[in-house]
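Let's take a friendly walk through this protein chain, with an eye on its charged side chains.

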Amino acid sequence: MYFAMNRFRVALGQEGAFEAVWKGRDSGLAEMPGFIDFHLLRGESVPEEGYTPFISKSTWESKDAFLTWTKSENFRAAHRNAGDNRAMYLGPPKFEGYTVVEGA
């Protein structure tokens, strides 16, 4: 199993708009072989630094299935307008990928 996560620092006051973008986009994830699930996670705001943390987390049967998604037309379509929302973020998202430690 493979977990793909992007960490976002969303500017205070932009949380609702950020969530609306994610709720309104057609990612095509469900059509991809090896896709298991997706969650958008919201953390506690950090007022002194001016942001609310969010994580987009998708679960895949394998890293290869995830990599296939990143090279697909569905991926390109899902990210086509990402640049339109840069004002919502404090910097670019940070990607992290994880595999399960078997037997732990």
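## A term to start with

A residue counts as buried under 20% relative accessible area, as exposed over 50%, and as partly exposed in between. Aspartate 37, with a relative accessible area of 25%, is therefore partly exposed. Please keep in mind that this is a predicted model.

## The overall fold

The chain holds three helices and four strands, arranged along the sequence as β-α-β-β-α-α-β. Its C-alpha atoms fill a box of roughly 40 × 35 × 20 Å along the principal axes. Of the 104 residues, 34% are buried.

Take the contacts between residues at least 6 apart in sequence: 74% of them join residues at least 24 apart.

## Charges and salt bridges

There are 12 positive and 14 negative side chains, and the centres of the two sets lie 5 Å apart. The structure has five salt bridges.

One of them pairs arginine 7 with glutamate 96 at 2.8 Å, N to O. Arginine 7 sits in strand S1 and glutamate 96 in strand S4, so this pair ties together parts 89 residues apart in sequence. Arginine 7 is partly exposed at 38%, while glutamate 96 is buried at 14%.

Which residue does aspartate 37 meet in a salt bridge? Its partner is lysine 57, at 3.3 Å. Lysine 57 belongs to strand S3 and aspartate 37 to strand S2, 20 residues apart. Lysine 57 is buried, with a relative accessible area of 15%.

Notes:
Residues are numbered from 1 along each chain as its sequence is written. This is a predicted model: local features need pLDDT of at least 70, side-chain atom pairs count only at pLDDT 80 or more; totals for chains, interfaces and linings use all residues. Side-chain values use heavy atoms; hydrogens and water are left out. Helices (H or I, at least four residues) and strands (E, at least two) are DSSP runs, numbered from the N terminus. Buried means under 20% relative accessible area, exposed over 50%, partly exposed in between (1.4 Å probe, protein chains only). Contact means heavy atoms within 4.5 Å. Lys and Arg count as positive and Asp and Glu as negative; His and the chain ends are not counted. The place of a charge is taken as NZ of Lys, CZ of Arg, CG of Asp or CD of Glu. A salt bridge is a side-chain nitrogen of Lys or Arg within 4 Å of a carboxyl oxygen of Asp or Glu.
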